Amino acid sequence: MRTSILCIMLVVSFLTACQLLDTYMLPTYDQQIQHGKQLFYNGTVDTPACSGCHIASNSEHRLYIAAPKLVGISNRAQVGQPTVSADEYLYQSIINPGVYLVEGFPNSMFPDYGIHLTDYDIRSLIAYLQTL
């Protein structure tokens, strides 16, 4: 009887641990991209959506473009700033928008993304931007 109770307790403990593991699993890269896309188009309570100023596709047209188009941004980052990786270029551009300015556009980006977004949020935005 004692052995049966011990086995049941072990099984329950194992199942509980598995459930906790599922709860705290890291998101997949696809989930991270989707999170970044959601942030890009919707922003957060404390931050504006990137899509308010940036265009993310060649099919989208506006009369006035407040910020550079982001289609192909990873490739342009590599060419424009060959001494840094595309990841680093995008990261710095989000947390310190004045560090790399695109000719013809003022430094008018929301300056506090680095304060209001988590590192995961920023990395998710980068993951999404690299799909453009």
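The conversation below takes up pockets, a nonpolar core, cysteines and a helix in turn.

Guide: This is a predicted model, in which local features need pLDDT of at least 70, side-chain atom pairs count only at pLDDT 80 or more, and totals for chains, interfaces and linings use all residues. Residues are numbered from 1 along each chain as its sequence is written, and side-chain values use heavy atoms, with hydrogens and water left out.

Visitor: What makes a space a pocket, and what volume does the largest pocket have?

Guide: On a 1 Å grid over the protein atoms alone, a pocket is an open set of points with protein on both sides within 12 Å along at least five of seven lines, and its lining residues have an atom within 4 Å of a point. The volume is the space filled by probe spheres set on the points, which are joined across faces, edges and corners. For the largest pocket that volume is about 540 Å³. Its lining has 28 residues, and the closest to the centre are His54, Ala67, Pro68, Ser93 and Met109.

Visitor: Which helix gives the largest share of the lining of the largest pocket?

Guide: Helix α4 does, with four residues. Helices here are DSSP runs (H or I, at least four residues), numbered from the N terminus. Both α4 (86–95) and α6 (119–129) supply at least two residues of this lining.

Visitor: How many residues of each class are in that lining?

Guide: There are 24 nonpolar residues, four polar ones and no charged ones. Ala, Val, Leu, Ile, Met, Phe, Trp, Tyr, Cys and Pro count as nonpolar, Asp, Glu, Lys and Arg as charged, and the others, Gly among them, as polar.

Visitor: What is the volume of the second largest pocket?

Guide: The second largest pocket has a volume of about 160 Å³. Its lining divides into seven nonpolar, two polar and two charged residues. Helix α3 (residues 73–80) provides the largest share, four residues.

Visitor: Why is serine 124 called buried?

Guide: Buried means under 20% relative accessible area, exposed over 50%, and partly exposed in between (1.4 Å probe, protein chains only). Serine 124 has a value of 0%, so it is buried. This residue belongs to helix α6.

Visitor: What makes a group of residues a nonpolar core?

Guide: Such a core is a set of buried Ala, Val, Leu, Ile, Met, Phe, Trp, Tyr and Cys residues joined through side-chain atoms within 4.5 Å. The largest has 22 residues, and Phe40 and Leu125 have the most contacts inside it. Helix α6 gives the most to this core, six residues. Apart from neighbours within four places in sequence, leucine 125 is in contact (heavy atoms within 4.5 Å) with residues including Phe40, Cys50 and Ile94.

How values were computed
1 Å grid on protein atoms, 1.4 Å probe; cavity = no way out; pocket = protein on both sides within 12 Å on 5 of 7 lines; lining within 4 Å.
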